[in-house]
Amino acid sequence: MIIGPNHTGLGEPLSFSQETWYTPLGEVETDKTLASLFEKTGVVHDERAHLKEHSIEVIIPFLQRKMKDKLFKIFPIIMGDQSKKAAKAVSDILIKAMAGEKSRIAIIASCDFSHYVPEEYAKKHDEALIKRVTALDVDGFYDFIMKHDSSLCGYGPAAVIMMVAEALNAKGKLLEYRTSNDERKIRDADVVGYAALSFTVQ
């Protein structure tokens, strides 16, 4: 499953896709069997939310490269509503799915961190957020975002993973953190922060 924020405002607040997705590396099918998990919930089938949204599509080529010739499917969910209540609604469904599903399910959250702020501020700000994410401190995560008017885009998807990880007794770990300046010869005044984190069941 891949969960991303809604940057466009199109479609229902919480929506999943069932269409085949295409990238220059080929096509990826959606897992239509998982759609039954969302019947009579607030997460609905609505392709409009995915039509012009990039938060999920940028993840897919990485999966295609990593999985290579292995068969895999995706289940894309877009969160226009990223509130704590919405994150809990999505996570409750996924917790049940992962407990009852015989096949292995991985959840990926698409979420950039600080957007277009001074590098020193981005690193300090993002470090504080990452500490809360790896500690699975959902309340502290949302409180920090509201208090500091954080510009990270996918806090709802991140909260979903935190909630699922806590329910499954998984441990969070920071794999790597960088800013957009790390890939530039000429450093910009303002940067975007990026972090890769993993959550594994012990």
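**Close-up 1. The salt bridge between E12 and R48 in the predicted model.** The model shown is predicted. The side chains of E12 and R48 form a salt bridge, with N and O 3.6 Å apart. This pair brings together distant parts of the chain, since E12 belongs to the loop between β1 (2–5) and β2 (14–16) and R48 to helix α1 (residues 48–51), 36 residues away. How exposed is E12? E12 has a relative accessible area of 36%, so it counts as partly exposed. R48 is also partly exposed, because its relative accessible area is 48%.

**Close-up 2. R48 and its salt bridge with D46.** R48 forms a salt bridge with D46, and the closest N and O atoms of this pair are 2.8 Å apart. Is D46 buried or exposed? D46 has 7% relative accessibility and therefore counts as buried; the cut-off for buried is under 20%. R48, at 48%, is partly exposed.

**Close-up 3. The salt bridge between K84 and D139.** The side chains of K84 and D139 meet in a salt bridge, with an N to O distance of 2.8 Å. Here too the pair links distant parts of the chain: K84 is in helix α3 (residues 84–100) and D139 is in helix α5, and the two are 55 residues apart. Shared partners in salt bridges join another set of residues, E12, D46 and R48, into one network. K84 is partly exposed because its relative accessible area is 33%. D139 has 46% relative accessibility, so it counts as partly exposed. By the rule used for these pairs, the count of salt bridges comes to 8.

**Close-up 4. Helix α5 and the residue that follows it.** Helix α5 covers residues 138–148. Which of its residues are buried? V138, G140, F141, Y142, F144 and I145 are buried in this helix. Just after α5 comes D149, which takes a positive phi of about 50°. Most residues other than glycine have a negative phi. D149 lies in the loop between α5 and α6 (155–167). With 67% relative accessibility, D149 counts as exposed, because the cut-off for exposed is over 50%.

Close-up 5. K40 is not a glycine, yet it has a positive phi of about 60°. Where is K40 found? K40 sits in the loop between β4 (26–28) and β5 (44–45). The relative accessible area of K40 is 89%, so K40 is exposed. N169 is likewise not a glycine and has a positive phi of about 60°. The location of N169 is the loop between α6 and β9 (170–179).

**Close-up 6. E119 and its contacts.** E119 is part of helix α4 (residues 119–134). E119 is buried because its relative accessible area is 13%. Which residues does E119 contact, leaving aside neighbours within four places in sequence? The contacts of E119 are T179, N181, R187, A189 and V191.

**Close-up 7. P76 and the residues around it.** P76 is located in strand β6 (residues 76–79). The relative accessibility of P76 is 0%, so P76 counts as buried. When residues up to four places away in sequence are not counted, P76 touches I2, S15, F16, S17, W21, T30, H50 and I56. How far is P76 from D137, C-alpha to C-alpha? The C-alpha atoms of P76 and D137 are separated by 25 Å, and the two residues are 61 residues apart along the chain.

**Close-up 8. A patch of positive charge on the surface.** The residues R65, K66, K68 and K70 gather on the surface in a patch of positive charge. One of these residues, K66, belongs to helix α2 (residues 60–67). K66 has 68% relative accessibility and therefore counts as exposed.

Definitions and conventions:
Residues numbered from 1 in each chain as written. Predicted model: local features only at pLDDT ≥ 70, side-chain atom pairs only at ≥ 80, totals over all residues. Heavy atoms only, no water. Patch = residues over 30% accessible without salt bridge, like charges linked within 9 Å, V, L, I, M, F, W, Y side chains within 5 Å. Areas by Shrake-Rupley, 256 points an atom, 1.4 Å probe, with all protein chains shown as cover. Salt bridge = Lys/Arg side-chain N within 4 Å of Asp/Glu carboxyl O. Lys, Arg positive; Asp, Glu negative; His and termini not counted. Charge placed at Lys NZ, Arg CZ, Asp CG, Glu CD. Helix = DSSP H or I, 4+ residues; strand = E, 2+ residues; numbered from the N terminus. Buried < 20%, exposed > 50% of the residue type's maximum accessible area, 1.4 Å probe, protein only. Contact = heavy atoms within 4.5 Å.
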